[in-house]
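Here is a friendly walk through a protein structure, meant to be read with the model open beside you. Take a look at it before reading on.

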Amino acid sequence: MEKFITLTDTAVPLEIENVDTDQIIPARFLKATDKAGFGENLFRDWRFNKNDEPNPEFALNKPEYKGSILVAGDNFGCGSSREHAAWAIKTYGFTAVVSSYIADIFKGNALNNGLLPVQVSPGFLDQLFVEITKDPSVEIKVDLEKQEIGIPKKEILEKFDIDPYKKTCMINGFDDIDFLVSKLDAIKKFEESSKQHTQPATQV
């Protein structure tokens, strides 16, 4: 995975609550096993009409909104546990998802795929929607090391929580195997120390 330390970018506002994983990536697209193509079908039934033409009213199709941060309504990623939802958002081009509540299973899937889920207070989320709608070019800064998200231009700032282990993995660009490999020397030292303490005492 790519390292995630800080991100400063514009955002796409998806002011819809209770967005479930079937809306993020409809079940009919789950047959593929390659992550690369899932972004094409992100929010497929909302992005396109029945004639397969882009829906101009949907946020992702509006030319004024762009960037690698998706700001979504409350209770994002609910529903089934499909990891494909995180794949679709990540491969579409988003690096972070912000909401006032992010479903736990989706949150875990996102972190495992290099997509940072940032859970903020309802009031702070409302502020983000107001500022983005008012000025689509406004930039949001996400600082993973400090666990802060804000709009520097407006001096709006809030802290967010993240699992310490997943934070370490994202900052270093590690998946679970990479993390274990990074600890290999420490593991070897521990094993050697354990052997020394378990060796039988020498009889005189």
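The notes below go through the strands, the core, the helices and the aromatic rings of this predicted model.

The partner of β2 is strand β3, residues 69–72; the two run parallel and are joined by 4 bridges. Within this pairing, P13 stands opposite V71 of β3.

## The nonpolar core

V71 turns up again in the largest nonpolar core, which has 54 residues. Together with F43, F76, F106, L116, I140 and V142, V71 is listed there among the residues with the most contacts inside the core.

## The antiparallel sheet

Now turn to the open sheet, in which 4 strands are arranged in the order β1-β6-β7-β8 with antiparallel pairing. Its edge strands are β1 (6–9) and β8 (156–159), each of which pairs on one side only. From one strand to the next, the twist averages 10°.

Strand β7, residues 148–151, pairs with β8 over 4 bridges in the antiparallel sense. Here E148 stands opposite K159 of β8. Helix α5 (residues 122–134) lies across β6 (140–143), β7 and β8, and runs at about 145° to β8.

## Helix α3

Helix α3 covers residues 84–92, and its buried residues are H84, A85, A86, W87, A88 and I89. These buried residues pack against α1 (21–24), β4 (96–99) and α4 (104–112). After the helix comes G93, with a positive phi near 130°.

## Aromatic pairs

Across the whole structure, a search finds 6 aromatic pairs. One of them joins W46 and F58: the pair is tilted, with 6.0 Å from centre to centre and 55° between the planes. Because W46 lies in helix α2 and F58 in the loop between α2 and β3, the pair ties together parts 12 residues apart in sequence. W46 counts as partly exposed because its relative accessibility is 23%, whereas F58, at 7% relative accessible area, is buried.

The rings of F76 and F106 make an edge-to-face pair, because their planes are at 80°, with centres 5.4 Å apart. F76 is in the loop between β3 and α3 and F106 is in helix α4, so this pair links parts that are 30 residues apart in sequence. Are these two residues buried or exposed? F76 counts as buried, at 0% relative accessibility, and F106 is buried with a relative accessible area of 2%.

## Around helix α2

Ring pairs also link F43, W46 and F58 into a cluster. Elsewhere, R44 lies over the face of F48, 4.2 Å from the ring centre.

E57 belongs to the loop between α2 (44–47) and β3. Why does E57 count as exposed? Its relative accessibility is 60%, and exposed means over 50%. E57 and R47 are 10 residues apart in sequence, with their C-alpha atoms 8.6 Å apart in space.

Conventions: Residues numbered from 1 in each chain as written. Predicted model: local features only at pLDDT ≥ 70, side-chain atom pairs only at ≥ 80, totals over all residues. Heavy atoms only, no water. Pairing = 2+ DSSP bridges. Buried < 20%, exposed > 50% of the residue type's maximum accessible area, 1.4 Å probe, protein only. Contact = heavy atoms within 4.5 Å. Core = buried A, V, L, I, M, F, W, Y, C linked by side-chain atoms within 4.5 Å. Axes fitted to C-alpha atoms, helices over the stretch in contact; angles between N-to-C directions. Phe/Tyr/Trp six-rings, centres within 6.5 Å; stacked < 30°, edge-to-face > 60°. Lys NZ or Arg CZ within 6 Å of the ring centre and 35° of its normal.
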